[in-house]
Amino acid sequence: MQSFETDRNQVEMIEGMTIEYPYCLHKRDLTNFVIPWHWHEELELGYIQEGISKIVTVGAEYIVHQGDGFFVNSNVMCMKQNASPGTRTVEINHIFHPVFLGGHFKSRFETKYLNPIINNRQIEVHMIRRGHATANLILKNLYQLKELQNEVDTEFQTRNILSEIWRLLIKELQENPDSPRMVGTEQTNRLRSMISYINQNYPEKMTLSQIAKTAGVSEREATRCFKKCIGQSPMEYLIKYRLNQAKKLLLETDMSITSICQQCGFSDSAYFGKVFRRSYGMTPREYRSGGA
């Protein structure tokens, strides 16, 4: 299963992505792990292999059931999580830079086929549901593309299948257009600035004033922006982010619970245990021992 890392601007650093070959396949277990708010230039076409996932963007939520697929457009700010706690959820995701299909700058592939979708800010996330002819063909190709990655020397085949999927996606978007959405660019940019600051500095002491300052807004406006866009206050988001990092360390390292508490920005072990139990129904020790 792939790890998840971001750079200083919360742009995801995609494992396996290179300039020489800007495509990679990611298999992520979302059962007990939240992919935090992030964005990247690369495009995503994937499906849920097991369980049910939830993709959340600013102002919208999308539920993806087992066997159904999804498209996430370039630079869309989103987070992902298990939509059915207590059950296993696994995502298969084909991630690729537009240049993989578009080739050179201002090619016909880019201007005629890629840009009309990439530059359409109304298209953030599109669900690919089974039961429609075009959607079924997209899903069939996504499954085939996943199996192809078990073989060697598949670069040309991979690009060919993705090109066919993209052609079908254009048709799918025409047949099943998404409802128009108002996307507030200024508000989203403010949110990105504040989330970037929180995610970079979560181990340190942090105040609402510091968070608001990164976006050049008042504390009240910072809280309003968070509440409106993602349904949490900045401090609630900070605690959830710290807890998610703590869960990862509990499962993937042998660090002591006290060390994890401190590394994740909780200065008091008792408080860490209290908020962890309140959020997940068990203590950090129980979670580590397999209570999840």
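Over how many bridges do strand S3 and strand S8 pair, and in which sense? S3 (residues 43-50) and S8 (residues 90-96) pair in the antiparallel sense over 7 bridges. Welcome to this predicted model, where local features need pLDDT of at least 70, side-chain atom pairs count only at pLDDT 80 or more, and totals for chains, interfaces and linings use all residues. Residues are numbered from 1 along each chain as its sequence is written, and side-chain values use heavy atoms, with hydrogens and water left out.

**The sheet of 5 strands**

- This open sheet runs in the order S1-S8-S3-S6-S9, with antiparallel pairing; strands here are DSSP runs of E with at least two residues, numbered from the N terminus, and two of them pair if DSSP finds at least two bridges between them.
- Strand S1 (23-29) and strand S9 (125-128) stand at the edges with a single partner strand each, so one side of each has no neighbour in the sheet.
- From one strand to the next, the twist averages 20°; axes are lines fitted to C-alpha atoms, for helices over the stretch in contact, and angles run from 0 to 180 degrees between N-to-C directions.
- Helix H3 (residues 133-148) packs on this sheet, touching S1, S3, strand S6 (69-72), S8 and S9, where contact means heavy atoms within 4.5 Å.
- The direction of H3 makes about 85° with that of S3.
- Within the pairing of S3 and S8, Gly46 stands opposite Asn93 in S8.

**The sheet of 4 strands**

- A second look takes us to an open sheet with the order S2-S7-S4-S5 and antiparallel pairing.
- Its edge strands are strand S2 (35-38) and strand S5 (60-65), each pairing on one side only.
- S2 and strand S7 (residues 78-82) pair in the antiparallel sense over 2 bridges, and His38 has Cys78 in S7 as its bridge partner.

**Helix H10**

- Helices are DSSP runs of H or I with at least four residues, and H10 covers residues 269-280.
- At 1.5 Å a residue, times one less than the number of residues, the 12 residues of H10 should span 16 Å, which agrees with the 16 Å between its end C-alpha atoms.
- Phe272, Val275 and Phe276 of H10 are buried, meaning under 20% relative accessible area, with exposed being over 50% and partly exposed in between (1.4 Å probe, protein chains only).
- These residues cover an arc of only 105° around the axis, which puts them on the same side of H10; the arc is that of the directions from the helix axis to the C-beta atoms.
- Ala270, Lys274 and Arg278 are exposed on the other side of H10.
- After H10 comes Gly281, with a positive phi near 75°.
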